Amino acid sequence: MTPRPAPRRRLRLGGLRTRLLVAFVLVSLLSAGAATALAYREARTAIVHRAQNAALEEFRDQVEEVARHTEVPPDGPALTRFAEDVADGLRDGVVVARYHDRTASSDPAADQTRVTAELRATVRSDNRLAFQRVEHAGRPWLVAGTPVVYDRARHASGLEVFAIVSLEPEQQDTAALLRTVRDGVLPVVGVAAVLALLAARTVLRPVRDLGRATRNLADGELTTRVTVTGRDELADLARTFNHTADALQTSVAELREQEATARRFVADVSHELRTPLAAMTMVCTVLDEDADQLPPDTAQAARTVSTETAKLAKLVEDLIEISRFDAGAAALTPHETDLADAVRGTLAARGWTGRVHAELPTGVRARVDRRRLDVVVANLVGNALRHGAPPVTVVLTATGEELSLAVSDRGPGLPPEAARHVFDRFYKADTARTRSEGSGLGMAIALENARLHGGTIEVADRPDGGAVFTLRLPRRRGARCGEDDA
């Protein structure tokens with residue numbers, strides 16, 4: 001048996017290796033993405049809160065320090081100095097001071113709209129430090145406000161101070177952190193892909209071995225086994241496969257032995273019957289010749305015995321022929337033959353010339369075993385005459401490489417079930433018939449003879465009714481095992 005080449009291992013779309021790789025990469029991406037998102041959120045929150053708390057603490061201390069040296073109510077220049085003094089102690093901030101309807105800023109060019117009405121209302125109503133984070137011109141800002149008080153009762157002086165501090169440095173820090181974490185995702189995915197390939201290789205190697213062993217087992221290599229390594233589920237599967245292969249090999253060996261025994265039995269019985277059947281046939285021939293001189297009942301019994309003996313002899317001959325095919329002992333004796341003459345000889349020898357319409361062009365020659373060809377044609381034509389309806393037609397055609405002989409009738413045709421089993425041994429289309437003229441082996445023998453020539457027999461229904469059996473043979477056939485060129 002030609003060993004099947006091992007399939008090349010490649011990354012197939014939809015294959016288990018691809019699915020494992022995709023699963024690993026997706027899990028890595030999801031894990032890295034989730035970790036990045038959580039790390040970014042926590043880091044951003046921590047950075048912003050730290051900067052915010054530091055700015056608020058610094059703003060509160062600075063307001064308290066400057067307020068000690070500021071008289072209330074302040075005039076316009078005093079309010080401006082107050083704002084500038086508070087701003088001097090802040091990190092890159094703008095201070096806006098409000099006293100009733102007067103407003104002063106440490107940077108007159110600064111946009112004071114960042115101090116929202118909501119924040120001013122909160123400072124005024126709650127009489128405490130309040131803050132907001134706002135976006136302005138695409139940049140983040142911390143805006144804090146507090147009233148100025150002079151005693152422990154926190155009596156408001158009417159002076160309110162607001163600080164506008166940029167949070168852009170903190171935003172840049174968090175953005176840099178995000179880039180760093182994001183850049184680390186690619187190596188993680190790469191490592192995950194490598195691990196996935198290694199894991200897939202570890203998992204798929206025993207799977208590939210099992211697949212290869214299964215294909216070998218299906219091809220008839222019953223001694224195929226797989227190596228069991230480890231204690232995991234794949235090792236259990238390999239052990240199960242080996243146990244199954246052992247059981248299958250044992251069963252097949254038993255079946256082959258039983259089949260060989262049955263074939264030997266049939267062959268032995270058939271050969272043993274040939275001698276007594278030959279004697280019985282001679283006696284029946286004598287009885288047939290003298291039947292007219294016997295009493296009517298005796299004559300009928302003699303003719304019945306003669307008929308059944310002939311059937312039994314034909315069955316024994318068919319069984320012996322089948323046993324030769326089974327044993328591989330059937331041999332061809334091929335000769336260059338005119339097929340038209342051979343078919344005409346078959347029809348004439350059985351008295352079918354007037355019952356069969358033959359289209360047999362002359363000059364169609366092939367190297368065949370004429371005796372075996374006679375068996376095939378006799379079975380096909382006899383089957384059409386017995387089970388079909390006239391006219392029965394035999395048509396011989398030839399092409400460059402193939403010869404075909406079609407035998408057709410106009411009967412009811414073959415049911416699908418019968419067409420599938422017509423070449424089976426002992427098969428009869430009418431299962432209710434326990435007795436028939438044939439042995440049920442004729443079509444099986446015909447097919448074996450066709451195969452011995454390197455051909456085959458096909459069966460089909462005619463479009464206008466009836467069945468057609470077609471013998472197909474190669475035009476030229478070289479010598480093969482079992483041929484006898486004598």
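# Salt bridges, a sheet and a ring pair

Student: In which helix do D341 and R344 both lie?

Tutor: D341 and R344 are three residues apart, about one turn of the helix. Helices are DSSP runs of H or I with at least four residues, strands are runs of E with at least two, and both are numbered from the N terminus. The helix that holds D341 and R344 spans residues 339-349 and is α8.

Student: What should I keep in mind about the model, and how far apart are the closest N and O atoms of D341 and R344?

Tutor: This is a predicted model, in which local features need pLDDT of at least 70, side-chain atom pairs count only at pLDDT 80 or more, and totals for chains, interfaces and linings use all residues. Numbering starts from 1 along each chain as its sequence is written, and side-chain values use heavy atoms, leaving out hydrogens and water. A salt bridge puts a side-chain nitrogen of Lys or Arg within 4 Å of a carboxyl oxygen of Asp or Glu. D341 and R344 form one, with their closest N and O atoms separated by 3.3 Å.

Student: Good start! Which residue meets E168 in a salt bridge?

Tutor: E168 belongs to helix α4 (residues 168-183), and its partner sits 29 residues away in strand β4 (residues 139-149). Their side chains meet at 2.8 Å, N to O. The partner of E168 is R139.

Student: Is R139 buried, partly exposed or exposed?

Tutor: Buried means under 20% relative accessible area, exposed means over 50%, and partly exposed lies in between (1.4 Å probe, protein chains only). R139 has a relative accessible area of 34%, so R139 counts as partly exposed.

Student: Which residue in β12 stands opposite E402?

Tutor: Strands β10 (residues 402-408) and β12 (residues 467-474) run antiparallel and are joined by seven bridges. One of the bridge pairs is L403 with L473. Opposite E402 stands P474.

Student: And F469: is its pair with F423 stacked, tilted or edge-to-face?

Tutor: Rings of Phe, Tyr and Trp (its six-membered ring) pair if their centres lie within 6.5 Å; planes under 30 degrees apart are stacked, over 60 edge-to-face, and the rest tilted. F423 lies in the loop between α10 (416-421) and α11, F469 in strand β12, and both are buried. Their centres are 6.2 Å apart and their planes stand at 85 degrees, so the pair is edge-to-face.

Conventions: Two strands pair if DSSP finds at least two bridges between them.
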